[in-house]
Amino acid sequence: MTFEVLNMSLALPEMFMLAMACTILMVVAFLGKNSAKMAYILSQLTLAVTAILIYQSFGDSGVTFDGTYIKDAFSDVLKLAICIINIAVLLYSTSYLKDRDLFKGEYYVLAIFSTLGMMIMVSAAHFLTIYLGLELMSLCMYAMVAMHRDSMISTEAAMKYFILGALASGMLLYGMSIIYGVTGSLEIATIAETIQAGGLDNTVLSFGLVFLVIGIGFKLGAVPFHMWLPDVYHGAPTAVTLFIATAPKIAAFAMAIRLLVDGLGDVHQHWQGMLIMLSVLSMIVGNVIAIAQTNLKRMLAYSTISHIGFILLGILSGSQEGYAASMFYALVYSLMSLGAFGMIILMSRQGFEADNIDDYKGLSRRNPWFALMMLILMFSMAGIPPLVGFYAKLTVIKSIIDINLISVAIVAVLMSVIGAFYYLRMIKVMYFDKPIQQEELQAPTDMRVMMSVNGLTVLALGIFPGSLLAVCASVFS
Amino acid sequence: MFTDLPLLSLLIWLPVLGGIVVLINGDNNPWARPLSLLISIVTLVLSIGLYVGFDNATHQMQFAEQASWISTFNINYALGIDGFSMPLIILTSFSTVIVVVAGWEVIKDRVSQYMAAFLIMEGLMIAVFASLDAILFYVFFEAMLIPLFLVIGIWGGPNRVYATIKFFLYTLFGSVFLLLALLYLHHVSGSFSILDFHEVSLTLQEQTYLFLAFLIAFAVKVPMWPVHTWLPDAHVEAPTGGSVILAAITLKIGGYGLIRFALPITPDASMALDWLVISLSLIAVVYIGFVALAQSDLKKLIAYSSIAHMGFVTLGLFIVFRIFANTTDISGAVLAVEGAMVQMISHGFIAAAMFLSVGVLYDRMHTREISAYGGVINTMPIFGGFAVFFAMANAGLPGTSGFVGEFMVILAAFQANFWFAFLAATTLILGAAYTLWMVKRVMFGEIANDDVAQLTDLNRREFWMLASLAIIVLAIGLWPAPLTEVMHSSVEHLLSQVSQSKI
């Protein structure tokens, strides 16, 4: 019997992050009430250094920790994106938290641990690793939603989130255990090999698959497993909504790819049909219900559901190109969502949430620059060129047409026309209506700069989408 | 000398970047107007360069440019023009100059944003006409909606929000089918180049679906009956500049799209479904003509007359199949397509002039109701002269450009089917009826009220704006050869593509 020396260097970013998370936890514990500022700086530092570590190790790949952890181009790109997005998230949320007496060290501890969970999910090569990462991420997020203890609506949202999240995790575990029963392994690569070799009981396998898909559907927020999403987005403090709405979607996307493509890619025909249902329903329900919303956070929640439908389109195509398209969509979606929720924070101030659509009336007169940024984000979400959201929709629809699912593609484009309506309404409110309030923006400079960078990135990627598309394509080839 | 420059790129990006500069300079900048005028005039001069350097003898794409844009999908920044796109580009750059001049004193609110929107739109529209890559075309085709959406929504009339959202969703609804068609063509041909699409062979069933997708996309733009209802709303609510661009250019993109995509890519389906387009076109000509007769709002009347005139464009493009069925002589078909093209260009100038004339009246009286006017020519004799001239051109008076296109199409229609020609020719009566009746009610007769009595005649800006349009309308009407010559070889090439089955 030989002992292999674990190749720890592959997981260096995660280990660094874990060490720092513990450090921040200690700092918060010892400094008590005054720790928030310190925790904030340390968290940003952690994310930045982790991002650099990931970037420096680009190109290395391998499996370590006894087949439970994988580092490949896919994980590198997604982890880098998660770190960068979370840097922006923390930057946006600071002033919001300060105004609402939520500026506490715990927020940052939870955020960093949650980020660690996402990174573990992205790098999982084993069902247990996926589950560990998922729970680490989710548990932190439940607590974050509930941070505003005195708010009824937040507490309700946290409760709902926790119960449904736990249910979803249960489903996922159940599915995993069935798959384990059929294939005799929890290691994703081994499962793939076993299925490829054939001779398995397909009925039981697809039975397990159903539960996996339900678990993924819950975590992504696909219809009919979307019920928690609008309530949580609406009920959580906006800073937390911002956190939940961005990077975790990338992690959930990675989980879907790891489970369905890496693990069960050979039974693609079994899960394709299920994903078509989820995707079409998500696009229809998300877009249609979003029209009826008057609260911007709820509207964006339903718009998220519809975007999830589009992300699923690429995965269900079952082609390398489709996976790359979905990945591109997931990254772009996080970027747009970051901007949109960031804008809500930017507009809000002490005692004023700025989460009603009417709060944006006449924004183009009060503040033309940020109205322009919001216009860019809204048109991008609607999928109008020359903004990056268009290429996201273009590539997923292309992957669907290439496998001749024309009818699904027709549903997708029709839904994007319906979806355009509520984004246009937002622009109408900002540009065509008269302002009802005249208060100046109170946002600090770093946030203003971040918002501008965010909006201009959406525009710049829309004019030159080639490099990001190439990165996504290279990951899957 | 012109062939050395990347002239098309200049024409696209000069107005776009210029528009951004104007925008950044802010609303209180006194330079916004002169700077915009300068940019639009330079663009116009550059676009004349296209005409000067254009080789009439070939149907090949000229002034071609190519660069890789999205290498993963082999999407290129590919530009080039032929006899169809070149006149439309010049029309675009000319109209933008007129729009900038028209908004000079009228627009007082957010001037730089207004000017910037039109400059950016100019670049995008030129890019639509010059794109040879399907995705590039689509990007500009859609992007163009954004500035127009804002122009109507910000500077429009009381019901502007309804009108602009309807306009946006209607056109978006049409164009998503275009996107599906383009992606499917890429799936079949493995390329996004429009010229490669022309070569790919398709079954009749595929062609039929593709053709219907193209038809939905471009019929909404043209607009053809029964998907025309956004146009009157958009025109009525849009500021004068918006109406001019809408009528002069964006409608032409519909006709151009049919020429560039539907006819050469799906010739067999176009032939099989020509009855559909021909009947819709004839309904537009006859029925919409009657609808126009019943309007009490000046802008609405002109909007409906636009739909009727665009009916000639689609009619001219699709009667070629009937002409081919009757005769082997190609000259009738050439006449039809050239007539459609001339009609597009001519309508661009005439409709622009009509909307500007309404704008002149509206700026003084703040109403577009025909009943509020009467005897205007007594107080505004110079304006009256122009208005009557443009009305005559709209009605198709020989000697004006309005006559040439309609006459060519009607003449060609005789070779297709007598009844097509007969119905198309009713426009000579209907067009004259609604236009001249409007002129009679607004211009002639007793001075209707005190407001009309106090009207002041054109100032120098308005005079030159209308005069330049009048000169062009007259020039094309008297001597259309310079226009038809540039498109001749492209038309013949199109007809050779159309007559070859792809099945």
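A:Leu78 is buried, having 26 C-beta neighbours inside 10 Å; a residue is called buried if 20 or more other C-beta atoms lie within 10 Å of its own, exposed if 12 or fewer, and partly exposed in between, with C-beta atoms placed from the backbone. The model is predicted, so that local features need pLDDT of at least 70 and side-chain atom pairs count only at pLDDT 80 or more, whereas totals for chains, interfaces and linings use all residues. Residues are numbered from 1 along each chain as its sequence is written, while chains are lettered from A and ligands numbered from 1 in the order in which they are written.

A:Leu78 belongs to helix 3 (residues 73-99) of chain A; helices (H or I, at least four residues) and strands (E, at least two) are DSSP runs, numbered from the N terminus. Beyond its neighbours within four places in sequence, A:Leu78 is in contact with A:Val122, A:Ile250 and A:Ala254, where contact denotes two residues whose C-beta atoms, placed from the backbone, lie within 7 Å. A:Leu78 and A:Ala251 are separated by 173 residues in sequence, yet their C-alpha atoms are 7.8 Å apart in space.

B:Thr92 lies in helix 3 (residues 85-102) of chain B and is buried, with 30 other C-beta atoms within 10 Å. When residues up to four places away in sequence are not counted, B:Thr92 touches B:Glu122, B:Met125, B:Ile126 and B:Ile249. B:Thr92 and B:Gly123 are 31 residues apart in sequence, and the distance between their C-alpha atoms is 9.0 Å.

Two pairs of helices were then considered. Packed helices are described by the angle between their axes and the distance between the axes. Axes are lines fitted to C-alpha atoms, for helices over the stretch in contact, and angles run from 0 to 180 degrees between N-to-C directions. Helix 4 (residues 111-130) and helix 11 (residues 240-265) of chain B have axes that come within 11 Å and cross at roughly 15°. These two helices of chain B are therefore roughly parallel to each other; angles under 35 degrees count as roughly parallel, over 145 as roughly antiparallel, 65 to 115 as roughly perpendicular and the rest as oblique. The contact involves B:Phe118, B:Met121, B:Met125, B:Val128 and B:Phe129 of helix 4, together with B:Gly241, B:Ile245, B:Ile249, B:Ile253 and B:Tyr256 of helix 11. By class, this contact has 9 nonpolar, 1 polar and no charged residues; Ala, Val, Leu, Ile, Met, Phe, Trp, Tyr, Cys and Pro count as nonpolar, Asp, Glu, Lys and Arg as charged, and the others, Gly among them, as polar.

In chain A, the axes of helix 13 (residues 296-316) and helix 14 (residues 320-347) come within 8 Å and cross at roughly 170°. Helix 13 of chain A is thus roughly antiparallel to helix 14 of chain A. Residues making the contact include A:Leu300, A:His307 and A:Phe310 of helix 13 and A:Tyr329, A:Tyr333 and A:Phe341 of helix 14. The classes represented in this contact are 13 nonpolar, 6 polar and 1 charged residues.

The two chains also meet. In chain B, 25 residues are in contact with 24 residues of chain A. Strand 1 (62-70), helix 5 (134-143), helix 6 (145-155) and helix 7 (160-189) of chain B are the elements that give two or more residues to the side of chain B that touches chain A. Helix 7 of chain B gives the most, with 13 residues. This side of chain B has 19 nonpolar, 4 polar and 2 charged residues.

The backbone shows further local features. Most residues other than glycine have a negative phi, and most peptide bonds are trans. A cis peptide bond joins A:Val223 and A:Pro224, with omega about 5°; A:Pro224 is in the loop between helix 8 (202-220) and helix 9 (228-235) of chain A. In chain B, a cis peptide bond joins B:Trp225 and B:Pro226, again with omega about 5°, and B:Pro226 lies in the loop between helix 9 (204-221) and helix 10 (230-237). A:Asp101, although not a glycine, has a positive phi of about 60°. This residue, A:Asp101, is in the loop between helix 3 and helix 4 (105-122) of chain A and counts as exposed, with 10 C-beta neighbours inside 10 Å.
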